[in-house]
Each structure stands twice: as structure tokens, then as C-alpha cells.
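Let's take a walk through this structure together.

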Amino acid sequence: MKLLEPGAELDGFTVVECIHSGGMAHIYQVRYSDNRPGPGFDMAMKVPRMTAGDGAENIVSFEVESQIMQVLTGSHVPRFVAMGDLDRVPYLVMEYVHGRTLQDWLDADTPPNVEEIARLGTAMAQAVHALHQQNTVHLDLKPANVLFRADGRAVLLDFGLSCHAHYPDLLAEQLRKAVGSPAWIAPEQVVGVRGDPRSDIFAIGVMLYQLCTGELPFGEPQTTGGLRQRLWMDPPPPRKLKPDIPPWLQEVVMRCLEPEAAQRYPSGAHLAFDLSQPEQIVVTARGNNTKGTSFRTHFKRWIKAAGMHYLPSPLPSQQIDEVPIVMVAVPHKDVTDATLYSLRQAVARSLGTRPGARLACVTVISPSQTSASQDDKSETHVQRRYLTTLRQWAQPLDQPGQQISFHVLESGDVAQALLDYANGNNVSVIVMGAATHGLMTQRFVATVPIKVAMDAPCTIILVKQALPFEHLGGIAKGRGASTAGYSDSDADVPF
Amino acid sequence: MKLALLSDIHANIQALDACLLHARAQKAQRFAFLGDLVGYGANPCEVVERVMLLTEEGATVIKGNHDEMAVTPPTEVKHVGASTAAWTHQQLSAAHRTWLDTLPMVLHQDKILMVHASADAPDLWRYVYDERAATVSLDAAAQWPGVRYVFGGHVHEQSLYYRGSSAGLMKFSPQPGVALPVPSHRQWLSTVGSVGQPRDGRVDAMYATLDTDRWQLTFHRVPYDHYAAASAIRAAGLPEFFAERLEKGR
């Protein structure tokens, strides 16, 4: 369709101005023609250059985008307003999100510093996680498609190459070939895999690499052979190009860029977790390396990659559900051994045996426990003491392939601190004692566990205390083989 | 207009009633039956009468292989599918049989073609199980002017075939309850599943609704009293296998 002039009308919308004129579509800012008030935000209309009759690929991706935009929700995607009939007047009206794109950040005169990179990365990872929870994989993330709202949240744009597991994938082919933008596309996309959420993690890795170094890790390959390089090759480590990049950041970037999806962060939540808590990252050779990957390693991977072919992926939401972030609230006072023991048992069960789950051990101390003037009460001193206690508590839980991190939060409001932490880190399960923090007697006051249970963003397991020898005693006394000394009561049952 | 597409009821009145109730709650205004009203199940007369009544409200019905077998039962039983045909034949009245006998094999309404099995040779009852069979059926359906949608049953599974970006058809296994856009600028073929004899390990009845204003297709799974349906099969003295099949969903 030809360019619309300001004031032109299309299906009840009036063009205010053209925002973007691309090869595939024009994007206009629009308002309702009958002057009724807008939906509470500015509106943008995307009009493809061709119609359905042309059968070209760009109209198919417009169809895909219309289909997916209608069902996505949340602040990480533009809100959907209306769409036109694909045969007659194809268009898509959505929220006009104002903000800076990642491309703007990359084009800026001064490159972003490490804190800014971590913040941008966290926002992208959280946005991607929200998308994966809705069974959608973006598959075309690049700096022009990521926008940051004024409050720092990332918004993902352009779902023309995306894949929603509940809808027929119109872009799938029998002869599977790469679909996506060559610079950011994941290795598995190169061999035609559509629908693995870890492909989006790879794209974030490429963008983080750009933020760190100003360069593209794999360049912009024009040939299939060039594209296949990322199936086995590691890019030069960022610290080789920019020595001032901290090892932890390189660790994160290179983990996102692992050729094998299983070696990357298993979900956006896991990536956001690390980027927002860099002090918890275990830096390996991947983060310290400044030379690059050896020829030997590359050669071995090259052999392996030669046989890489299409494998179907399970539902994205299912896949990320299998790698939960489990948070346990460990009390540090008025707590019995039995409670600590029971908590640990419950945590072990919640983590399961699958690799990839991670555990965050959290304790909340009141601000009065630290003091700037007293040496033995200095913040670092007190924090270190509690961190040591947490580490000792969690020691029996240590399993290969499952990461554990430790956090001492300072707050006067224990419940709120726990909730904020769970919300901010996409925690999947909270494990906590059913009656801790000395509030057992106050039956009609909302205790900490009750408050957390009421507002928790996820499943919560309330653990009742029980020591193993108490069980043994119970059985000996003939109370049967019941092991229900402590139970995982579902938080919402008692209300 | 919302059209409910029901196939392979197989004389299961409990499942049919549950689906009809569900479809009315979904605001379905019209009903289309895609064959195999009878066979296997214990209530062929009730099912036939229920459907005959609905035709007075404009419901459409096409013939399935089991309907044909019930009219003219095979003299010797060669496979399990034919084992209940003679019993069904005896249960049905002459009027029921005449009505079943006169059902059309194929029905064409604007953009939609309904056929129990494959559109290329409806009377051969070929199964549309994969992309290849779906392509043959869809290509044959294209001979009817303006056809964009082919709906059928026979295979007792819910699937949607569509063209991806290459020429061949792709098979999609739908999630129940999700409204799938099926715009009419593409060609679609769907098997809507079986109301009265699910075989995928779930006991819930299957059917689909098509919204012809928005061109959205929704597949449904409806729980029903499958124990009652199984008991009825046992009470009628039909083979135990068919009762167990409803209890297990396979």
C-alpha cells in the first residue's frame, strides 16, 4: 500500500504522521477518526506494503504478527488495539511505545558503562521471560526491536518471525531453513529449529556483546557457511577487545552465546537473576579467558556441529517451568533446629533432581542490626556473618548443576522484603517456615508467612517443623507409618 | 455465525448430549454432523433421533462408513469395525435406516466442504492421517468452486493441516480451547476428532466450533459420563472391548 498522508483515514483511524517507513511496512501514529478519546495511550498503526493476494513472505510474517499480538499481554509488549481484514485492508493498530531503542544506546557517543549494560540486560531478560511464559518465542530480537520505557522496563517489538506454540507456525517449512536476522540468529535457528526459548537468550547474548565491545560477535554473515560458524565457534572473548569488562560480565555474555542451547541460561529469569546480582556469579574460565577458544576445542565442536539437525522443541512455558528459581526464606533468630532441618528437606524436594534449577537463600535482617559507627556492627561485617550462617545451612543441599546463591536483605518489613525479592527475580517457588519470626502466639494478626502467602507471585510452600527422630518415636509408639509430621500445605488452603 | 462440527458420535448419546450442551453454551447457532452417527455404541436410535430433530433446525448431516454399514451390514465380519453393524441394524427402525441411507456423502456450502473421510474418493473411506493424505483430499476439494475449508472426521483425532511458507501441507496438533485464526485467504483441512469414541488416551469427547464471521476455529474437549456410556454397552451385550475403550480413551 502506498504511503498515507497526515489526515488520511483508514478503517476508522486518522493518520497523524508517519513514524517509520521500512521495506516491509509503514508505521504511522494514528488517532480515532470520530474523535473519541484514545485507549489511554498513543496508538501506532502498522500497514504492510503488500496484501494477502501477493503471497509474499512479508505478508505471511504480518499475518503471524497480527495473530500473536492479539493474544500477548503484559508491559513487555505493545498493547494490541485493532487489526484490519487481511484480504481487504491489512493493518495492525497497537500501543505507540515511547522510549529509546537498544540501537539508540549503541549509537550513542559514549558507550554504556558496566552498570548500565547489566541494567539493560536484566530488563531484556525479564521481558523475554514474560514472553516465554506466554508460550511465545520472539526469534528476531535485535537492537532495533528492543525499546526501553522511561521506567527502565524493556518492550519487545516486531513479532513477524515469532512462534507461538498454540498456533500453527505459518513460517515453518518442510525444508527447514534459517529465518531471522543473520547477526543475532541462534545456532539452532540456523538449522531450522523454531520455538526454543533459549534462541532468544542467544540473541540477548549478541546484544550484550555489542554493548560491551561495540562489535558483533559473529559479524554479519551473508552465506549459509558463514551462518553455520556459530554452531561451533566462540567469538573472541569481550575482555580481549575491552580489557576493562569485568570477568563476571564476560561470564554472562559467553554463557548466553554458547553454541549448544543446553549450555546457555535455561530461561530469561535465570539470566536476569545473574545480571542483577553480579556478586553471586561464579566466574569460570569462560569469564577469565582473554585469549579466545583453542583450535582444538573449535575443531572438536566443528565435527559435532556437522551432524546438527532439526529437533522439535517442547512448549516454551513448559521448558522454562522445568528450571525453577526456588527461594527459601531462612530465619536467623527464634528458630529451632527442627525448623531449619524441615526447611532444608522441603527445599531439596522442590529443587528436584533436574539440572538447571537454582536456589536463592534469603534472610531478612532489620536495619537496626547494622550501625555505621560501631565496627563490629558495620554493614559488611554483619552481612558476612549472616552469609556464613546461610552457607552452612545450605551446605547439604549442594548438588552439581544446581546453583545456590545467598542474600542478606535489610528491611523493617520482613514480608514485604521477601515479596519484593520474589517479584524482582521471577521466583517460581517460595519455601518458608509456617510459623517463624516469633509470631506464633498472635493468631489473629497476619504473620509473616500469611502475608507472604497472600501476596506471593508464585507457589509458596509453608513448612512445619519436624525432626527425623520425632518421626521415629512416633512410629515406635505405634502411631502408624504416617510421615505427616510436617506438610507442604498449600498456602491458600487455610483461608 | 458459529457452527459446531461434530463427527464420529458412534451411538454414544451421553457424549453427544454433553457436546451439544457445551456447543450451545459456546453460542453455536448451527450444527454439522460429519458422519458415523452409529456403530460401536449402545444408543444408535437415540442418537439418530436427536440428530434428525436437529436437522429441522437446519443442522446438516453427511454419511460415514458406519452409517452405511448399519444400513447394509456385511454378511461376514472381517474386522472389529464391522462387528457391531448387525446389532445396530436390528436396533434401528426402518425409518431410521432409510434416513441414514439417503444422507449425502459430501456437502458443499460456500467456502466449506464437509466429507467424512477423504474428498478425493469419499466412498473409499480413506483415512486422512498425515500431510500426504491431507494434500490429496484438499486438492480434490479445490474442484468445488470457492472451497477454502475441508472438515472431516473418521480418524478420531483433532488436527489442522495448513500450508506453511513452502508448498506442502503442515500438520498442527491443536490445544483445546484456543481460538485459532483460519483466514480464508489460505486453505485449511481439519479433522475435528470423535465425539463418541476418543482414542488418544483421554476420555473426553471431541468436537470443534467454527466462527464464520471472524474465521476462527476452536477445538474442544468435553468431559461426559463415559462410565454410563460404557455400562450401556455392557448392558446391551456388545463386546467388552468397546466399553473398556470408552473408559480408557484408547
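Start at B:Y161, which sits opposite B:L189 of strand β10 in chain B. Keep in mind that this is a predicted model.

Now look at the whole sheet. In chain B, 6 strands line up in the order β4-β5-β6-β10-β7-β8, making an open sheet with mixed pairing. At the edges you'll see β4 (106-109) and β8 (169-172) of chain B, each with pairing on one side only. Step from strand to neighbouring strand and the turn is 15° on average, ignoring direction.

Something also packs on this sheet: helix α6 of chain B, residues 131-141. That helix touches β5 (112-115), β6 (149-152), β7, β8 and β10 of chain B, and its direction makes about 120° with that of β8 in chain B.

Let's finish with the cysteines. How many disulfides does the structure hold over all chains? The count is 0. Take A:C256: the nearest cysteine sulfur belongs to A:C212 and is 10 Å away, while a disulfide needs the two sulfurs within 2.5 Å. A:C256 counts as buried because its relative accessibility is 0%. A:C361 is in no disulfide either, as its nearest cysteine sulfur, on A:C458, lies 15 Å away. A:C361 is buried too, with a relative accessible area of 0%.

Definitions and conventions: Residues numbered from 1 in each chain as written. Chains lettered and ligands numbered in written order. Predicted model: local features only at pLDDT ≥ 70, side-chain atom pairs only at ≥ 80, totals over all residues. Heavy atoms only, no water. Buried < 20%, exposed > 50% of the residue type's maximum accessible area, 1.4 Å probe, protein only. Pairing = 2+ DSSP bridges. Helix = DSSP H or I, 4+ residues; strand = E, 2+ residues; numbered from the N terminus. Axes fitted to C-alpha atoms, helices over the stretch in contact; angles between N-to-C directions. Contact = heavy atoms within 4.5 Å.
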